[in-house]
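Dear colleague,

Please find the structure below for your review. A short account of the findings follows it.

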Amino acid sequence: MIISTTNVLDNKKIVEYKGIVSGEAIMGANVVRDFLASVTDIIGGRSSAYENKLAEGREIAIQEMSEKARQLGANAVVGVDLDFETLREGMMMCIATGTAVLVQDKA
């Protein structure tokens with residue numbers, strides 16, 4: 001499955017649009033991670049605990065979106081957009097949205 005943020009793919013021709021697909025991941029963060037992240041925020045630097053959780057959420061959302069595209073008979077998803085939101089304290093959400101398409105090599 002080809003996944004792209006662009007609307008066109010080099011050396012590929014879109015032969016059929018299958019529809020909009022999306023994948024969602026809602027991730028909870030635990031109290032220890034929240035505490036360590038707050039310490040990191042106070043002393044400066046990056047919060048690897050939250051970065052890892054964001055990366056995990058992104059991968060889950062993209063995988064779910066890809067599976068929905070595959071079920072529609074697509075072999076690519078173009079125009080992919082990733083959104084991250086905080087639902088409430090300790091809860092993060094990642095949404096991946098794109099257009100499922102059927103592509104073939106250009107002749």
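Helices (H or I, at least four residues) and strands (E, at least two) are DSSP runs, numbered from the N terminus. The model is a predicted one, in which local features need pLDDT of at least 70, side-chain atom pairs count only at pLDDT 80 or more, and totals for chains, interfaces and linings use all residues. Residues are numbered from 1 along each chain as its sequence is written, and side-chain values use heavy atoms, with hydrogens and water left out.

Strand β3 (residues 76-88) contains Leu82. This leucine, Leu82, is partly exposed, at a relative accessible area of 31% (buried is under 20%, exposed over 50%, partly exposed in between; 1.4 Å probe, protein chains only). In strand β4, Thr99 is likewise partly exposed, at 25% relative accessible area. The C-alpha atom of Thr99 is 7.3 Å from that of Lys18, the two residues being 81 apart along the chain.

One cavity of 30 Å³ or more was counted (on a 1 Å grid over the protein atoms alone, a set of points where a 1.4 Å probe fits but cannot get out; lining residues have an atom within 4 Å of a point). Grid points are joined across faces, edges and corners, and the volume is the space filled by probe spheres set on the points. The largest cavity has a volume of about 40 Å³. Its lining includes Ala25, Lys53, Phe84 and Cys94, and the elements giving two or more residues to that lining are β2 (12-28), α2 (48-71) and β4 (91-105).

Yours sincerely

How values were computed
1 Å grid on protein atoms, 1.4 Å probe; cavity = no way out; pocket = protein on both sides within 12 Å on 5 of 7 lines; lining within 4 Å.
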